[in-house]
Amino acid sequence: MLCSALAFGHKRGGISEREPRARVQSKRSSYDRESVTARRGSEAGAGDGGGGGRQRAAKGALEMKEKGSRAAVDERYAQWKSLIPVLYDWFANHNLVWPSLSCRLRRLPTRIVSTDGTVPNTLVIANCEVVKPRVAAAEHISQFNEEARSPFVKKYKTIIHPGEVNRIRELPQNSKIIATHTDSPDVLIWDVEAQPNRQAQLAQMESRPDLVPPDSRPDLILRGHKDIAEFALAMCPAEPYVLSGGKDKSVVWWSIQDHISALGDSSKTESSPGASGSKGKTANDKDSPKVDPRGIFLGHDSTVEDVQFCPSSAQEFCSVGDDSCLILWDARSGTGPAVKVEKAHGGDVHCVDWNLHDVNYILTGSADNSVRMWDRRNLGSGGAGIPVHKFEGHKAAWSPDKASVFGSSAEDGFLNVWDHEKVGNKKNPNAPAGLFFQHAGHRDKIVDFHWNSSDPWTIVSVSDDGESTGGGGTLQIWRMSDLIYRPEDEVLAELENFKTHLASCAPRS
């Protein structure tokens with residue numbers, strides 16, 4: 001049995017500006033939605049004797065639509081659950097009382113880092129036991145209670161976070177160092193091994209609701225944004241560098257090592273932009289050392305939604321934003337764009353990922369319902385992009401296990417796994433080209449997922465179940481059967497050998 005580290009962050013239930021309309025609506029009760037519908041019906045029917053009838057008809061149609069949609073999702077989920085022993089080599093389902101916006105799998109010891117929406121907002125580190133390939137019994141992975149917490153996910157440490165945890169990223173060279181984004185201009189750096197465990201203090205709050213435990217103090221605060229930076233966050237695979245984007249339309253670049261010189265500079269202990277300005281505040285920031293950026297890069301015309309380092313160069317990175325642009329940067333050439341694709345998509349671009357195996361390929365996901373794969377050798381204002389998938393979510397990520405494989409998640413609750421090398425070998429006319437696996441274990445919109453670089457083909461995914469259950473979320477750790485992604489001739493040969501083995505074991509007549 002392998003042990004993985006999982007980090008996830010729970011949010012308490014507030015609504016940030018960046019959240020899609022569907023999530024904002026999920027915070028309302030069904031009573032609120034019905035009241036809004038009733039008021040609109042009354043206003044539309046003012047002075048018309050048929051207004052009340054139209055109001056009731058509209059309300060009835062809405063209820064029927066919601067019930068029909070919910071029934072379809074439940075039917076799809078039941079069918080998927082019956083196929084778990086066939087589709088998966090490993091699967092674990094973990095119920096979250098509060099929704100989580102981010103999750104990450106760290107290297108050994110494997111732990112999940114996640115957010116926890118308990119009061120107050122928390123950053124949770126959990127140990128996750130991942131069974132080795134071809135070991136788990138079918139009944140162990142298919143028989144679980146959706147409302148229960150998984151016995152394979154065990155909470156290791158709880159950190160009280162100053163504000164909602166919108167994004168989590170780990171430092172590849174030292175996985176105990178993680179960065180988080182909240183509703184402030186600052187990036188918070190945490191040494192999760194050195195941070196004290198606040199679980200006991202939170203437990204005391206159950207019997208003493210008057211107690212308000214202090215927020216955990218970040219080990220480092222990176223300042224440089226002039227406005228709130230909520231989501232765009234990346235850490236460099238080669239150097240201890242951090243990259244962030246925000247509402248100030250800038251991409252900001254730091255080195256964590258710069259905090260060594262900052263410790264001897266009294267000016268670094270002043271309040272950060274998040275504490276002194278009106279655009280958000282970082283709690284306990286006066287107690288944490290501050291680091292100023294090495295560079296601030298300007299070129300976007302709207303909020304920067306995501307950033308990513310080039311896997312082969314610590315000086316190169318890319319960013320996307322609400323201006324529909326994809327920009328490549330090279331810190332060695334200054335703070336202006338090296339390459340700028342003006343209209344990478346037909347809408348806001350919400351995610352970007354750089355291929356770990358072939359640095360020529362970049363993925364972007366947009367509100368125009370598409371994921372596009374780019375070859376940076378052909379990029380420019382009229383650069384070529386290949387739409388690979390239509391979806392309503394904004395998350396895509398390359399697999400660390402194979403250069404041509406990537407995953408995409410959506411608000412429809414599906415997590416699709418693609419192989420762009422199979423685009424020209426379409427065998428199923430009913431499936432999009434390149435799609436070879438679809439994870440349907442979530443019953444609501446998927447807000448984040450992460451490939452585990454330590455356990456091949458293992459993924460952690462998290463959904464916000466506000467619309468389906470009225471709150472909470474679902475965290476799942478899973479690995480598809482190797483019979484799905486291995487070469488077809490190799491799989492057929494193995495199955496033939498298995499068939500021969502079964503025949504030899506059959507009793508003779």
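Modeller: Glu 316 lies in strand β17, strands being DSSP runs of E with at least two residues and helices runs of H or I with at least four, both numbered from the N terminus. The model is a predicted one, in which local features need pLDDT of at least 70 and side-chain atom pairs count only at pLDDT 80 or more, while totals for chains, interfaces and linings use all residues. Residues are numbered from 1 along each chain as its sequence is written, and side-chain values use heavy atoms, with hydrogens and water left out.

With a relative accessible area of 18%, Glu 316 is buried (under 20%; exposed is over 50% and partly exposed in between, with a 1.4 Å probe and protein chains only). Beyond its neighbours within four places in sequence, Glu 316 is in contact with Phe 309, Cys 310, Trp 329, Asp 330, Arg 332 and Arg 376, where contact means heavy atoms within 4.5 Å. The side chains of Glu 316 and Arg 376 are also joined by a polar contact of 3.2 Å; this term means a pair of N or O atoms within 3.5 Å, where within protein one must be able to donate a hydrogen and the other to accept it, and residues adjacent in sequence count only if both atoms are side-chain atoms.

Strand β17 covers 313-321, and Ser 324 sits in the loop between it and β18 (326-330). Ser 324 counts as buried because its relative accessibility is 13%. Its phi is near 70°, a positive value in a residue other than glycine. Leaving aside neighbours within four places in sequence, Ser 324 is in contact with Val 341, Glu 342, Lys 343, Ala 344, His 345, Gly 347, Asp 348 and Val 349. Of these, Lys 343 is 19 residues from Ser 324 along the chain, and their C-alpha atoms are separated by 5.5 Å.

For comparison, Lys 249 has phi near 70°, again positive in a residue other than glycine. Lys 249 lies in the loop between β12 (241-245) and β13 (250-255), and is partly exposed, with a relative accessible area of 39%.
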